[in-house]
Structure formats: C-alpha cells, structure tokens
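Thanks for coming. Please look at the sequence and the model on the screen, and I will walk through a few parts of the fold.

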Amino acid sequence: MFARRTHHNESFGKHYNSSFDKHRAGKATSSKQKRSFREAAAAVKKVDRVKKPELSPPSGSTLTSPIITICVGPEQRLFAAHEDVLSHSPFFAAICRGQFLETATKRVNLPEELPEIFSSVLEYLYKGDYYPRLRLNKRRNTWELEESDASNGKGTAESTVFHQSSGQVLLKDTMLYCTADRYGLDDLKRLALRKQGLQSGIQCSTILASARYAYANTPDNDSKLRAHYLALIIRSRSTFKRSGTMQMEMEKGGMMFFDLFVAICNHMDDMASAKSPLFTKSPRTPH
C-alpha cells in the first residue's frame, strides 16, 4: 500500500510528474523535436503552477431527464444517474439510444467494471472532479490532492484499488484513465493523469502492475499514460534496478520493455547532446 514517506528500496518518496510524449517507441526516429527530461519536466511544472484545472461539471444538464440504473461488477452493485448526465460520455449516449438499454427498466449492465472506479466516473460527471479532489495550495501556488498532507503516515486516501481479476493492487488513477478512454471522456483522462503525477510513496510492485494494466487497456498509439510510466521508471532507475519485482517483470517481457529500451536510448541521446558543445571549430587550413 501507500506510505507518504518511506525509505524502503521498492518505494518512492518523491512526487513524479506527468507524461513525456517522446518516450514512445514510435518516436525513436525523431531527433530534431526531442526535448530533454529537464525541459519536459520544467514545462509540466509550469503548467501545474499556472493553469487552473477545469473542474466544473458538464454543462447542459437540467437533472430532469429519466433515471438510468447501472448494474456494475460481478456483485451487481446498483448505481443511478440521469440520462442526460450519462450521455456526456459517447459510450453511454450510444447505449441510451440503442438496443443495449433495457427499455422497460432503464437498466444498463456493466459486469466487467469495478464499482470503485465507476463511482468515481459518476462523481466526475456530476461534479467535474473525483475524490481525492484537487485543491490549490495558495502558499506554493501549486495544485495538490486533498488530504495529501495528512500526518497519519498512510498516504493519500483511496490511491489504489484491488483488481480482482488479476489479484493485484493497481493505481486508481490509471484504471480511471483507461475507463475514461473507453467511455470517450478525454477531460477525465487528463485529470486522472494529472492526479497520478501527484501521488507519492508508491511501491515498485504497484507501479509495474499498473504499467502492465495501462499497456493492456490503452491503444498502441497512446502517448500519455504509457509514456508517463516509462519516464517514471527512467527517472527512478536507481530504485528499480535493485527491485526483484522489476527483474521478474522484465523476464516476462512484453511491449512495455521494448518501449522502455527506446525511451532509455532517447534519454541517453539527450544527455549526450546536452554535454556536447553548441559550436565546433573547424581546423584552420594553411594559406
């Protein structure tokens, strides 16, 4: 689980930022537009300090539309939501218009979803954010997660979710990002990625399990969440190289580790470029 500050070899005490597009394998041939880790991190930090997140609930809802009942997960937990609120998602808009909605009962069945994740999706659709919410630290002029400064030693509340199918603990924000991708909620994807960048004290095993989940549940052209994990592993390589979990995951293989190899190569190229002189003098020719 999470611990706010820890010195265990397989956990992190530093905040990590959002993703860097250049670490995807498809970017390996690009050289002119690559940015260094320092430049990318500075850009993300600047956005986090200056740009206020859009946290208003979706507009256009009068909350007078029919109530839809959503049956979620293998235990069939029931949720209720207004049809026009759900319809802000193209996924649910198609369901409400199509044959998948049980007309007589206004009921939708989602047996593969986790109730904890779907609850956060509904909270976002109604309020524009989900718990733990973003709040502005006026003293530092930065955005942070509520209760992230709690002194109970347990870290940010509700940061992880137990994924029953895989039997692993995963980052809630990663699962929300993947769910938002399926539901066509791009703003929720951006919010989930931003929040994940504010988490701390995360175990190596949780990061790697969440990274595999991200690769299994995002399209191959995803340039945000996948790159976020690659950049995190590279920045924290001194911890990961001592991790037995990392060794086992690498032995399993998969596309993630080829992308990681490409990202490391790009990072080394950045380091080499930063150390090389901007201008080289050509030798003088005799007259």
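I start with the inside. The largest nonpolar core has 58 residues. By a nonpolar core I mean a set of buried Ala, Val, Leu, Ile, Met, Phe, Trp, Tyr and Cys residues joined through side-chain atoms within 4.5 Å. Buried means under 20% relative accessible area, exposed means over 50%, and partly exposed is in between, with a 1.4 Å probe and protein chains only. The residues with the most contacts inside this core are Ile70, Leu86, Phe118 and Leu125. Helix α7, residues 204–216, gives the core its largest share, eight residues. Helices here are DSSP runs of H or I with at least four residues, strands are runs of E with at least two, and both are numbered from the N terminus.

A word on the model. This is a predicted model, in which local features need pLDDT of at least 70 and side-chain atom pairs count only at pLDDT 80 or more, while totals for chains, interfaces and linings use all residues. Residues are numbered from 1 along each chain as its sequence is written, and side-chain values use heavy atoms, with hydrogens and water left out.

Helix α8, residues 225–235, is largely enclosed by the rest of the structure, because ten of its eleven residues are buried. The buried ones include Arg226, His228 and Tyr229.

Now the charged pairs. A search of the whole structure finds eleven salt bridges, a salt bridge being a side-chain nitrogen of Lys or Arg within 4 Å of a carboxyl oxygen of Asp or Glu. I will show three of them.

In one, Glu123 pairs with Arg133, with the closest N and O atoms 3.7 Å apart. Glu123 lies in helix α4 (residues 115–127) and Arg133 in the loop between α4 and β4 (134–137), so the pair ties together parts ten residues apart in sequence. Glu123 counts as buried, at 18% relative accessibility, and Arg133 is partly exposed at 35%. Glu123, Arg133 and Glu146 are linked in a network of salt bridges.

Another joins Glu249 to Arg212, at 2.2 Å between the closest N and O atoms. Glu249 is in helix α10 (residues 244–252) and Arg212 in helix α7, so this pair ties together parts 37 residues apart in sequence. Glu249 is buried, with a relative accessible area of 6%, whereas Arg212 is partly exposed at 26%.

Arg190 counts as exposed, at 53% relative accessibility, and Asp187 as partly exposed, at 39%.

Ser159 sits in the loop between β5 (142–145) and β6 (160–163). Is Ser159 buried or exposed? At 3% relative accessibility, Ser159 counts as buried.

Last, the surface. Met255, Phe258 and Phe261 form a nonpolar patch there. Phe258 belongs to helix α11 (residues 255–275), and at 45% relative accessibility Phe258 counts as partly exposed. Patches are made of residues with over 30% relative accessible area and no salt bridge, like charges being joined within 9 Å and nonpolar side chains (Val, Leu, Ile, Met, Phe, Trp, Tyr) within 5 Å.

Key:
Areas by Shrake-Rupley, 256 points an atom, 1.4 Å probe, with all protein chains shown as cover.
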